[in-house]
Amino acid sequence: GEHWLLDLERVAAMSVSGDPERCLNLARFLAAELSHNTWSEMLRVTLVGFGREMADINPDRLTYTEDFGKAIASLHHQLDSVHDA
């Protein structure tokens, strides 16, 4: 019955432990929130290894891959582009 506001930008990374199904449900919820809210409109979410069923929710901001290396390479490419600009 509680609501928490998480500053994920400041946290930068977090881990969730506990019941695996509840942890996955929380990750899915966070991804759905981040891919739809106006305050995260400049954000892109990449789901790796879970949440394939969510990929069509908002394809402009939410993507899915099984390949962690590919997701990291894409992130590095995006960072390089921003740095060059």
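## Salt bridges

Arg28 and Glu53 form a salt bridge in which the closest N and O atoms are 3.0 Å apart. The term denotes a side-chain nitrogen of Lys or Arg within 4 Å of a carboxyl oxygen of Asp or Glu. Because Arg28 lies in helix α2 and Glu53 in the loop between β1 and β2, the pair ties together parts that are 25 residues apart in sequence. Helices (H or I, at least four residues) and strands (E, at least two) are DSSP runs, numbered from the N terminus.

The model is predicted: local features need pLDDT of at least 70, side-chain atom pairs count only at pLDDT 80 or more, and totals for chains, interfaces and linings use all residues. Residues are numbered from 1 along each chain as its sequence is written, and side-chain values use heavy atoms, with hydrogens and water left out.

How many salt bridges does a search of the whole structure find? The search finds 2. Besides the pair already described, the side chains of Arg52 and Glu66 meet in a salt bridge at 3.5 Å, N to O. This pair links distant parts of the chain, with Arg52 in the loop between β1 and β2 and Glu66 in the loop between β2 and α3 (68-84), 14 residues apart. Both Arg52 and Glu66 are exposed.

## Accessibility of individual residues

Residues are called buried under 20% relative accessible area, exposed over 50%, and partly exposed in between (1.4 Å probe, protein chains only). The table gives the values for selected residues.

| Residue | Relative accessible area | Class |
|---|---|---|
| Leu8 | 29% | partly exposed |
| Ala12 | 68% | exposed |
| Arg28 | 21% | partly exposed |
| Phe29 | 49% | partly exposed |
| Asn37 | 15% | buried |
| Glu53 | 55% | exposed |

Asn37 lies in the loop between α2 and β1. The side chain of Asn37 reaches the backbone oxygen of Glu33 at 2.8 Å. Asn37 counts as buried because its relative accessibility is 15%.

Leu8 is found in helix α1. Which residues does Leu8 contact, leaving aside its neighbours within four places in sequence? Leu8 is in contact with Met14 and Leu34, where contact means heavy atoms within 4.5 Å.

## The paired strands

Strand β1 runs parallel to strand β2 (residues 62-65), and 4 bridges join the two. Strands pair if DSSP finds at least two bridges between them.

## Nonpolar surface patch

A nonpolar patch on the surface is formed by Trp4, Leu6, Val11, Met14, Val16, Leu26 and Phe29, which together have about 710 Å² of accessible area. Patches are made of residues with over 30% relative accessible area and no salt bridge; like charges are joined within 9 Å, and nonpolar side chains (Val, Leu, Ile, Met, Phe, Trp, Tyr) within 5 Å. Accessible areas come from the Shrake-Rupley method with a 1.4 Å probe, and for residues only the protein chains shown count as cover.

Phe29, one of the patch residues, is found in helix α2 (residues 20-34). Phe29 counts as partly exposed because its relative accessibility is 49%. Met14, listed in the patch, is also a contact of Leu8.

Ala12 is found in the loop between α1 (8-11) and α2. The C-alpha atoms of Phe29 and Ala12 are separated by 18 Å, the two residues being 17 apart along the chain. Between Ala12 and Ser81, 69 residues apart along the chain, the C-alpha separation is 20 Å.

## The chain as a whole

The protein chain has 3 helices and 2 strands. Read along the sequence, these elements follow the pattern α-α-β-β-α. The C-alpha trace spans about 45 × 25 × 25 Å along its principal axes.

Of the 85 residues in the protein chain, 20% are buried. The accessible surface comes to about 7100 Å², and carbon and sulfur atoms account for 56% of that area. Among contacts between residues at least 6 apart in sequence, 18% join residues at least 24 apart.

How values were computed. A polar contact is a pair of N or O atoms within 3.5 Å; within protein, one must be able to donate a hydrogen and the other to accept it, and residues adjacent in sequence count only if both atoms are side-chain atoms.
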